[in-house]
Amino acid sequence: MQISKIERQKKNPQRYSVFFNNQFAFGVDEQVLINFNLRKGQELNQNDIYNIQKSEYEQSVYRKALNYLSHGLKSELEVRQYIKQQLEKEEISWFNLSTLQDTEPKAMKSRTTNSLVNKMNTEHNVQLVEAQDFPQVQDEKTFNAESLVDSVLERLISLNLVNDKIFGEAFTRTQATINYKGPTNIKFELLKKGLNEFLIEDILQIYTEEMMIKNIETLSQKFIQRKAKLPFKMQKIKLQSYLIQKGYPKEFVQTFLNDYQIEQDESHEKDLLKVEAEKLLARKARKYQGFDLKYKLSQDLQRKGFDYQEIQYWLEDHIEEIK
């Protein structure tokens, strides 16, 4: 069957409509048009059309992948998963030449046959040929899915649009400089994004010790401001736990905190102790008295991070209430 016309689509100039017998057959991407050198008068059989549409299907998914990458760098695994999702959503409207309306005059349409039996056999044979030339859509789609994913991904990789090393370095810089995440957390996230451990170790070389110290200092200052109502000792205990949760190595955090000085306001600490001790005294006095009450108050206040000596001073000042 010859192509009778090819027209650029008005809504999308990158796509073209292909016609047979001046009837619309299917649309193709401009790149597919070029790859198959499609032109008016070109003769195509059903297998040619199948290959063209298969290529069009891949090009459609490829363009969606390009759009996906336009929003930011992605890992190879993320792109592979996205392409698979598109394959599940994408539906191909396979074109079969047999669906074309016959526009030839009726005199030319029928051929002389010897008998009705021969005519039926001829029609049956034509149908068999068409069934062989025109594959089952769902089977073909399922069978070729993995190779199509690989093909699209290879095109993106060849253009360096998908590169796990470039992605990993950019991801690490963003997480370190904007979100102040430590290398342990970043490594975990990169593993989830499909990067292998050896590549991650190489990438994390850009996360220097100087960057870690700067980030920890920034996080520590913000944390202490938020936890101003906690005793100094408890601030440091919780700060250590917080920094480790952010992904900084435990040994590195401990070394940092050994030298890190939290600005202390002794009068503020005493005020905190007074408020907390009075609350505890009102609650515990209902159940305990004398030595037991004193012991319980001291124990609970130490657990909250208050200094032992300061607790004893407060207890002595309130000895009459404790008796």
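1. Let me begin with the contacts, meaning heavy atoms within 4.5 Å. Among contacts in the chain with a separation of 6 or more, 63% join residues 24 or more positions apart. Please keep in mind that this is a predicted model, in which local features need pLDDT of at least 70 and side-chain atom pairs count only at pLDDT 80 or more, while totals for chains, interfaces and linings use all residues. Residues are numbered from 1 along each chain as its sequence is written, and side-chain values use heavy atoms, with hydrogens and water left out.

2. The chain has 16 helices and 3 strands, taken as DSSP runs numbered from the N terminus (H or I, at least four residues, for helices; E, at least two, for strands). Of its 323 residues, 37% are buried, that is, under 20% relative accessible area with a 1.4 Å probe and protein chains only.

3. The largest nonpolar core holds 25 residues; such a core is a set of buried Ala, Val, Leu, Ile, Met, Phe, Trp, Tyr and Cys residues joined through side-chain atoms within 4.5 Å. The members that touch the most others are Ile186, Leu190, Leu195, Leu239, Leu243, Tyr248 and Leu257. At least two residues each come from α7 (164–177), α8 (183–192), α9 (197–203), α10 (209–226), α11 (232–245) and α12 (250–259). The most come from α10, which gives 5 residues. Apart from this core lies another, of 19 residues, including Leu69, Tyr82, Trp94 and Val152.

4. Leu190 is worth a look in the viewer. Leaving aside residues up to four places away in sequence, Leu190 touches Phe167, Gly168, Phe171, Thr172, Leu195 and Ile200.

5. How do α10 and α11 pack? Their angle is about 135 degrees and their axes are 10 Å apart, with axes fitted to C-alpha atoms over the stretch in contact and angles running from 0 to 180 degrees between N-to-C directions. That makes α10 oblique to α11, the class left once angles under 35 degrees (roughly parallel), over 145 (roughly antiparallel) and 65 to 115 (roughly perpendicular) are set aside. In this contact, Ile216, Leu219, Ser220, Phe223, Ile224 and Arg226 of α10 meet Gln235, Lys238, Leu239, Tyr242 and Leu243 of α11.

6. For α11 and α12, the packing angle is about 145 degrees and the axes lie 9 Å apart. Here Lys236, Leu239, Gln240, Leu243 and Ile244 of α11 meet Lys250, Val253, Gln254 and Leu257 of α12.

Note on methods
Buried means under 20% relative accessible area, exposed over 50%, partly exposed in between (1.4 Å probe, protein chains only).
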